[in-house]
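Open the model in your viewer and keep the selection panel handy. We will go from stop to stop, with a note on what to pick at each one.

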Amino acid sequence: MLHTEGSLLTIDVGNRETRTEDIDDVLSSFVGGRGVGTKLAHDRIPFDADPFGPENSLYFTTGPLQVSNMSFTGRMNCTGVSPLTGGLLSSNAGGFLSRNFGAAGYGAVELTGQSDELLAIHVTDEGVEFEDVSHLAEATVGEVGEYMDDEHGLGDDQLVVAGPAGENRVRFAAIMTTEHRAFGRGGLGAVMGAKNVKCISFDGDSAPDIDINQIQMDIHREAATADDHPMKKAGTTSVTEYANHVSALPTHYFSELEFEGASDIGGDAVAEKKFKRGTCSQCAFACKLPTKDEETGLETEGPEYETVMSFGSNAGVDDVVSVMKSNDLCDELGMDTISCGDVVSAYLAANDEFGNSDLVHELVEKIAYREDEGDLLAEGVHRAADELGVEDWTVKGLEFAAHDGRTLNGQGLAFAVSNRGADHMYAEFYSKEYPLVGKDEAVDPEGLDGKPPLVVEKENHNAVLDSGVVCKFSRDFMTEERLETLLDAEYDELMEMGATVVELERHFNNRRGFDREDDTLPYDLPEFESALSEYYDERGWNDDGTVPEGSSAVSADD
């Protein structure tokens, strides 16, 4: 099985010490990315770790395909215990960081401990340096980038940054890279902030020499020439009007499923603001969205579809420039746009303020600095719902993405069982339930009959992609046969590895108190409980949602 190479670099920020150790057994068994990060986190973070405490760790990992020139490989992974959900969580980010991370020469980087001073950490193939950056306290992501460029000649694509939200332990703070790209979901930026680490840079000339099959060039060529693909024009926002048409677009804090202003904030509206091509490292697909509003001078990247939902339809906002500004504020301050937009929408629902763009932008800034009502909202929907007097629209404490499960019932089940919570990319089941042209595998979105095994299959497959690391938008190009060839393993072997990753996450969360009661939804689905039991049975888990001790993934004496 193809896998990434290199040692584990541990950075103890409390003692300002580093060490390296061999992890070849982990790399060879889990490929890279999420697989390696999950295995390391499961075995090295105490099950009772405080997400904000020194015993929690962050694992930065990339995969073997990041040494290639293939499209869809400009991503990497970060894993740790989420302060939002309380469970083990992985998030991946695109952009241009992964190649610079690989050039530093390590197979994985572990960030642990807690510093007394605000630090920047510089990781190279020659060692690690610690820099006191107390003067950057509460600096925005852009300001940190400017300082690192001026003082060290480091570009945004070499950095991971905690914005003001991370320093202030906003529970859905993101780790930002390449300025506008985010390890977004689950609040890992707050973990980095709690460690008092403002920034980590990666540089070097020691990328591992990994032989990648030449099929990579076929995929790259097809990505470059797929000119009629809607994602190339409007990125993920290309689905907005369609989701609205089939009643799967959350609106007015999840009280409705269609938004009359969808066309004003959807694919065409965003595409009109796009002023150049945008991409991730080595990717010819170029689905990103550099946007500019000539009237206001606002220039940003995005919004993506999920942000169009959270700060658009869910907030009752039908102005695409307003959504762009919300997106840009979250990028600069370092926050997940989905969770932030949803908790802002909850506040708007509680105060009958849907559509108030000025209030939206004011709240975003207050959240990042925990000012006034922003202090409550910084806790996320799950912790704020009762005080706001609104329904708790989360799973395991994670705010809902779009692709509403009340219409796409299989996606609803996928939201419920996801170890991350209400994250659409964990199983990405919505892609099976939208009857899009050319999707022969599309299934009826209504009901759950026959869907639990498909959810298991999608979760396992995505764990493989996240370990590779391969972008999920490669779905039209990355066949099972190509994945076998690229990773030099039988597809069944890869899927077994993916299942093990999911099981390790579940086992860790079980030890933190998660069970069947956490695999739930704020709405009813037909035959949900029986589908949940079928999902557990398909995985070989207990009917209470726990992993049996002595399973193939975990030892009986853990």
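Before the first stop, a word on cavities: on a 1 Å grid over the protein atoms alone, a cavity is a set of points where a 1.4 Å probe fits but cannot get out, and lining residues have an atom within 4 Å of a point. Grid points are joined across faces, edges and corners, and the volume is the space filled by probe spheres set on the points. Please keep in mind that this is a predicted model, in which local features need pLDDT of at least 70 and side-chain atom pairs count only at pLDDT 80 or more, while totals for chains, interfaces and linings use all residues. Residues are numbered from 1 along each chain as its sequence is written, and side-chain values use heavy atoms, with hydrogens and water left out.

**Stop 1: the cavity**

How many cavities of 30 Å³ or more are there? The count comes to one, and the volume of the largest cavity is about 30 Å³. Select Val141, Gly145, Asp156, Leu159, Val161, Met176, Thr177, Thr178 and Glu179 to show its lining. By class, this lining has four nonpolar residues (Ala, Val, Leu, Ile, Met, Phe, Trp, Tyr, Cys and Pro), two charged ones (Asp, Glu, Lys and Arg) and three polar ones (the others, Gly among them). At least two lining residues come from each of α4 (141-152), β9 (159-162) and β10 (175-177). Helices (H or I, at least four residues) and strands (E, at least two) are DSSP runs, numbered from the N terminus.

**Stop 2**

Two strands pair if DSSP finds at least two bridges between them. Zoom in on β10 and β11, which run antiparallel and are joined by three bridges. Thr177 stands opposite Arg181 in β11.

**Stop 3**

Strands β3 (residues 58-61) and β6 (residues 108-112) run antiparallel, joined by four bridges. Which residue of β6 is the bridge partner of Phe60? It is Val109.

**Stop 2: a helix pair**

Show α13 (residues 320-333) and α15 (residues 357-369), whose axes come within 10 Å and cross at roughly 5°. The two helices are therefore roughly parallel (angles under 35 degrees). Among the contact residues are Leu329 and Leu333 of α13 and Val360 and Val364 of α15. This contact has seven nonpolar, four polar and two charged residues.

**Stop 3: backbone details**

Most residues other than glycine have a negative phi, and most peptide bonds are trans. Asn196, in the loop between α6 (188-194) and β12 (197-203), has a positive phi of about 65°. A cis peptide bond joins Gly302 and Pro303, with omega about 15°. Finish at the cis bond from Gly468 to Val469, where omega is near -5°.

How values were computed: 1 Å grid on protein atoms, 1.4 Å probe; cavity = no way out; pocket = protein on both sides within 12 Å on 5 of 7 lines; lining within 4 Å. Axes fitted to C-alpha atoms, helices over the stretch in contact; angles between N-to-C directions. Parallel < 35°, antiparallel > 145°, perpendicular 65-115°, else oblique. Contact = heavy atoms within 4.5 Å.
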